[in-house]
Structures are given as structure tokens and as C-alpha cells.
Amino acid sequence: MTNALVLHKTQLPRFHDTFRAAQYVRMSTDHQRYSIANQAATIAAYAASRNLSIVRTYADEAQSGLKIENRAALIELIDDVQSGHADFSHVLVYDVSRWGRFQDTDESAHYEFICKKAGVKVAYCAELFDNDGSLMSSIMKNLKRVMAAEYSRELSAKVYAGACRLSSLGFRQGGQPGYGLRRELIDEGGRSKGIMERGQRKNLQSDRILLRPGPLNELAIVRRIFHEFVHERQSEERIARQLNRDGVANLHGRPWTNWMVHYLLENENYIGNLLYNRRSNKLRQCPKHNPPDSWIRSCGAFEPIVDPDLFAKAQKRMQTRYVSVSNEEMLKRLRIRLKKSGRLSKGIIDAAEELPCASLYQLRFGSLRNAYRLIGYKSARDCNYVDSRGERSKIIDDVASDIATRVEALGGQAAFNKKRALLILNGTLNVSLRVARAWKAQGEAPIWTIYRRAFLPEGLILAIRLDEHNKSSLGYFVFPTLEMHELRIRFSDVSSARLHRYRLDTADEACSVIIKAAMTNHAFQAKTGPAKGRRRLVRSKTKSAHARHQ
């Protein structure tokens, strides 16, 4: 498309001298007369009549003119002009509205001024005035900018009013429905045109969309979530964790989170109601939450999935759980719960109706242990893993820094993502760093565990094995991420003989293997030879762990 829009010299009238020009074209969802091809034809005629040769095309297709953020071509144009890389003296635009429908007309003038300051003239080819800086030209141009902005404001108001009316009639407005719901396409006569798949859009303005209950297996999951939350007093986080353990994916095919469960529990779609205008984002401005009296609610728009009484109980429970209370009140309630239960845990806190959720205690006091300490309670649980988190993080940082320094000394590149414990070498090799802590039951040999994270890019895993006291490094393992199918890998000194293929005794050996793979850009090969016939790693038997972390 871009090359097709450049008018070749053989098609231009032959003049002895021509000026180089670039054209900027933009199409949103406006009328067909604003199509890219039509704009290019008008611009080409304008260029030919003024001895201009079009050498570059900047095209923003299907982009709104309200803001510059999503208009990559206009951003590139301004950057080229400001940096001095522009090899043209004119920018040709169809009309003022194609330059933009900025709600602040000064913004439109600002981008034009940048071009003018750099010696590049902006010409509007379909306008009746010539952009020559004259008084009449300036008046007409500013008037056109105001008209372009006003057109968007009027169109937004009309679209908003139409959407509110259709929503009040029970027709779905907006994007994808929630889990367990489907969209049915209806023509203007009320006849069904079938169930729409995810990602599909209607192609006729006269068509409408209704919500319908989805597959039976998804409906069962929705009812299960409400039942566990109301009757079993489970928290959103625990429900999400159990769904992931059972291998149940959300509507996007990914693991559940507590916020997804919370959104489902408060969604009135599940009792057959449609809600519209809870949030608005008019004219691409900052989204805002609207007051409840401005919401559009259509009750009984379709068959409910959840019993309304059960839904009401869920809302009541959420209201009591999410009431804002002071830190003193939270600790007071925690003391009362301790006297009743005799002990405290995250599960006990989440299940207690009178207490805020455990995550709020963590947010307010830094951790549950801090909250326990303030009420004089000491948990019997071994929290050494939490206490040593900083030490493990330092070990990973030191190893990553050592490898990065060596790679850069050899002329390579290294980037470390501390949040994901991921080292990227030469932009191609991903090395995920893990710390294997030791633990043992009484009278038994220590066992080391390597945990998989939800984000595990293809590449290598460098596992740092700690000693029995989890203080210093005991050895290293370097193996492909393809070997880690489960949530965790467990091994002992006895079973580690099976891992000799990946085992390295010193940090220098581990670094050398990784650096060789990074600098040669070859696939990882273990030191004992080809992969054929090798034994697999000892893995835990945790069920459905792979499904939870894909």
C-alpha cells in the first residue's frame, strides 16, 4: 500500500525542476470519501499541478484523529522533521481533518508549527484556501480545526445516546462477555444469525447482539464459584487457586486470578441483567467511573445462570469483606478471631466473615507475621523461607552480574530482568535463574527443590543448589527449560546421579557453559553428549501443575 501511494516520476508532468514532498494520509471509520486511495489521488493531482514530487508516504490506517499516541505514521513524520532526516520540503495532507481532530486546536497547530520551524511546509490539498500564512488562510484554517474537533464531539454524543438506548432494550454493548456467556447475533428482524466466536464482530450496523448462557461445563464452573464463595466461605484467591489446580482455564485460556473471580462474583450478567455506562471514555480521554444513578440497567434481558438469591448473598458477603476499617480495628478483630480459633493462618482469616481478607493485612502491615506480632501471636509455621528471601535474591543478583560481566568482556550483550530473575544474553539466549533450597524430614537425607514460575521463556535454567543450612552455594545445574514440565523438580544426593548430565560443581563451570551457549548462539548441549537416550529429571507428582502454569 505504501509503495502504491507514491506517484512515480514517469506519471508526473515533466518540469525542469521539481520539489520533493511527503504525503500524510489517515483513515479512521469515517465516510468512504476519506479512504486512503481517494486521499492519495487528490494529493497526487495537487502535487502534479504544483511541480511537487512525492518521495515518501506516511499512512495511518484505521486510526482515530483525536490523539497522536496511536498514530505511528504521524509520530514518525514529526520525528523525521525534528531530527533533520526529512528529505522533503513539503508535507501534503488531504484536508485539515486528516491532520487530526484534536480536541485542543492548539495541539494541531503545534505539530504544524514543528514542521514550519524545520522549513517543511504543510499543505492541505482539498481545502479551498492556500496555507500561505495570510490572514484569510489563518482564519479559515483555525475555523476548520474547530469544525473537525466539533464533528468528533457531536458524533460521540450521538453514538453514546444510541448505545444507551440499545442497552436499555437489552442489547449487548461493548466487548467480549464474561466466562460462561456467549454473544448471539440478531438481524434487524429479530432473527438469529448464530453464536459469535471470540474476536468476531458484527459487519452490519443494523445487527444487534444478545447475551446467552454458554456451554454447560462453563455454567457449572460459574455456579461452583458462587457456591464456594457463599456457602463454603472460600476467598476469591483460594477459589482461583483450586480452579488452577483442577486445570480449569479462564475465558482467555490462562490461569485464574483472585481479581478475575471477584469480577465474576459481582457481574450482574449472571442473573440476566445488562449494565452499561459504569465507566466512560469519551473522545479518548482518561476513563472515569460514573455514579450508579447514571448506569443503564436492563433487568431480565436473558436467562439467568445463577439464582438471584445466591447472587444477592454473594454481594452482601463482599460488602462486609471490603468495608474500609482502620489498622486498630483490623488488629482488634484479629485478636477476637485468635481467641475463638486458638490459632491464625491465611485460610482462617479469609474464611472469617468479620475479618478483611489476608491480602489486606499483608498490605497494611507488610506481612501477616507483622500483624501477628502486633497482637502478640507467634505462628508455629517455619517462615525461614520468607526470612531468607533477600539472601536468595542477592545470590541470584551476584551470579547474574558475574555472567553479564564475562559476556560483555567478550563483546556480547547482557540484560537482567530482576523481577523475573531472567538474564538475556546477546538478545537471543534466555537464562532463568533459580535457587534450590534444601529441606529434610527428621532422620532423612536432604532434598532440593527447583520451582517453576508462571513466566518461563524458552532457553536455559541455571539452578543454584544451597547447602543444608541454605546459606551458601553447594553446586549448580544448567539444563534446558524444556526439561521442566511440572511445577517443581525435586532431587537428592542419591537421585542427583541421574542429573550428572547437567550438574556442575563450581560457578566458573556453570558460567562457562552458559557463556559458550550465548557466544556461539548454538542450542544447549549437555557435557555428556547428544540428547538421545538421556534419562529424565526426577519430578514431583503434583497433578495438573503444568496446566496451572502454562
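Leaving aside residues up to four places away in sequence, Ile 464 touches Ile 395, Val 399, Arg 434, Val 435, Ala 436, Ser 473, Gly 475 and Tyr 476. This description concerns a predicted model. Ile 464 belongs to strand 16, which covers residues 460-466. With a relative accessible area of 0%, Ile 464 is buried, because that value is under 20%. Phe 477 is 13 residues from Ile 464 along the chain, and the C-alpha atoms of the two are separated by 6.7 Å.

**The chain as a whole**

The protein chain contains 17 helices and 19 strands. Of its 550 residues, 44% are buried. Among contacts in the chain with a separation of 6 or more, 64% are between residues 24 or more positions apart.

**Two helix pairs**

Helix 15 (residues 389-409) and helix 16 (residues 507-520) have axes that come within 10 Å and cross at roughly 45°. The two helices are therefore oblique to each other, and their crossing is right-handed. On the side of helix 15, the contact involves Asp 402, Ile 403, Arg 406 and Val 407; on the side of helix 16, it involves Asp 508, Cys 511, Ile 514, Ile 515 and Met 519. By class, the residues of this contact are six nonpolar, no polar and three charged.

In a second pair, the axes of helix 10 (residues 327-341) and helix 12 (residues 358-365) come within 11 Å and cross at roughly 130°. Helix 10 is therefore oblique to helix 12. The crossing of helix 10 with helix 12 is left-handed. Helix 10 contributes Asn 327, Met 330, Leu 331, Arg 333 and Leu 334 to the contact, and helix 12 contributes Leu 360, Tyr 361, Arg 364 and Phe 365. These residues divide into six nonpolar, one polar and two charged.

**Cysteines**

Cys 511, already named in the contact of helix 15 with helix 16, is buried at 2% relative accessibility. Cys 299 is exposed, because its relative accessibility of 56% is over 50%. The count of disulfides in the model is zero.

**Loop residues**

Arg 233 is partly exposed, with a relative accessible area of 30%, whereas Gln 234 is buried at 18%. Not counting residues up to four places away in sequence, Gln 234 touches Glu 228, Phe 229, Ile 239 and Arg 317.

Most residues other than glycine have a negative phi. Arg 233, which is not glycine, has a positive phi near 60°. Ala 421 also has a positive phi, near 50°. Ala 421 is found in the loop between strand 12 (414-417) and strand 13 (422-425), and a relative accessible area of 3% makes this alanine buried.

**Accessibility of the residues discussed**

| Residue | Relative accessible area | Class |
|---|---|---|
| Gln 234 | 18% | buried |
| Arg 233 | 30% | partly exposed |
| Cys 299 | 56% | exposed |
| Ala 421 | 3% | buried |
| Ile 464 | 0% | buried |
| Cys 511 | 2% | buried |

Notes:
Residues numbered from 1 in each chain as written. Predicted model: local features only at pLDDT ≥ 70, side-chain atom pairs only at ≥ 80, totals over all residues. Heavy atoms only, no water. Axes fitted to C-alpha atoms, helices over the stretch in contact; angles between N-to-C directions. Helix = DSSP H or I, 4+ residues; strand = E, 2+ residues; numbered from the N terminus. Parallel < 35°, antiparallel > 145°, perpendicular 65-115°, else oblique. Left-handed = near helix turned anticlockwise from the far one by under 90°. Contact = heavy atoms within 4.5 Å. Nonpolar A, V, L, I, M, F, W, Y, C, P; charged D, E, K, R; others polar. Disulfide = S-S within 2.5 Å. Buried < 20%, exposed > 50% of the residue type's maximum accessible area, 1.4 Å probe, protein only.
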